[in-house]
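Subject: Structure handover and notes

Dear colleague,

I am passing on the structure we spoke about, and would be glad if you could read the notes below alongside it.

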Amino acid sequence: PKVAVDGEIIAQHELAKDVWRMEVEAREIAREAEPGQFVQLQIPRGAFTLRRPVGIAEVSLQKGTVAFIYRAVGKGTKALAQLTAGTVINVLGPLGHGFSCKAKRPLLVGGGMGLSPLLFYAEHAQGKADVLMGGRCERELFWQEIYKSHVQEVFCTTDDGSCGTKGFTTTLLPELLQKGDYDLVIACGPEIMMKGIARIAHEYNIPCQVSLEKRMGCGLGACLSCSIDTTSGERKKVCKDGPVFWAEEVFD
Ligand code: FES
């Protein structure tokens, strides 16, 4: 069940250039949230009437907090990054359907900010997951440090070869699936990456889930702005039926 709570920001800092981590007190949401779900944040400043969808990156049941890692790119997210600890923000959630958490040996594959919702999964899996992360260069893979204590192994690929294997996540994935004992692949990142990951997982007969990103209006299933065509021909809403889908539901 989703709730709207006014939560105090207890921490906000920049992790890497333009990438911010904000932690908010929201005990009811922390208790209910599952990896892959998101919230809608109401930015309490300026003329922002719409709420902003943000994936949940971390949850602390002990502190009763949820944390978000987001890139400050547009007006809304830049305004979000300016809020300091002590500010109260309205959080609506948890929303949508998350990842399947039944896997024994999940492999998380993420590119760019897709590594944010996967972090919650890694924490939840309590050291039984591995992560494969891709970026343009080593600087973009600041995530390694963050993931290290939550997963068994961290594999990296970079376009320029400055860290890990040179190439894309899809370059290294076949080798990992060949050698590993993974029973689920979950992917979050650019759509072209997720399509490639899903195709390879399918070749190796490993179930694959993807988290889609779509522009959202209401985030509650009411406005249709996030509708997509599924492979069965049925229209689905990313905000309500997703954002997580089985790959074969959404990719040919
Ligand atoms: Fe309105 Fe999904 S964002 S229906």
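Predicted model: local features only at pLDDT ≥ 70, side-chain atom pairs only at ≥ 80, totals over all residues.

Residues are numbered from 1 along each chain, in the order in which its sequence is written.

The secondary structure of the chain amounts to seven helices and 16 strands (DSSP runs numbered from the N terminus, helices being H or I of at least four residues and strands E of at least two). The radius of gyration is 17 Å, which agrees with the value near 18 Å that a compact globule of 252 residues would have (taken over C-alpha atoms, the rule being 2.2 Å times the number of residues to the power 0.38). Along the principal axes, the C-alpha atoms fill a box of roughly 50 × 40 × 30 Å. Among contacts between residues at least 6 apart in sequence, 59% join residues at least 24 apart (a contact being two C-beta atoms, placed from the backbone, within 7 Å).

Strand E12 (residues 184–188) has five of its five residues buried, so it is largely enclosed by the rest of the structure. Both of its faces are covered, with Leu184, Ile186 and Cys188 buried on one side and Val185 and Ala187 on the other. E12 pairs in the parallel sense with strand E8 (residues 106–111) over five bridges (pairing requires at least two DSSP bridges between the strands), and Gly110 stands opposite Cys188. E12 also runs parallel to strand E13 (residues 208–211), to which three bridges join it, and there Gln209 is the bridge partner of Ile186. Together with helix H6 (residues 191–203), E12 and E13 make a right-handed β-α-β unit (with the strands pointing away from the viewer, the path from the first strand over the helix to the second runs clockwise).

Cys101 is found in the loop between strand E7 (88–95) and E8, and is partly exposed, with 14 other C-beta atoms within 10 Å. Leaving aside its neighbours within four places in sequence, Cys101 is in contact with Glu34, Pro35 and His124.

With best wishes

Methods:
Buried ≥ 20, exposed ≤ 12 C-beta atoms within 10 Å, placed from the backbone.
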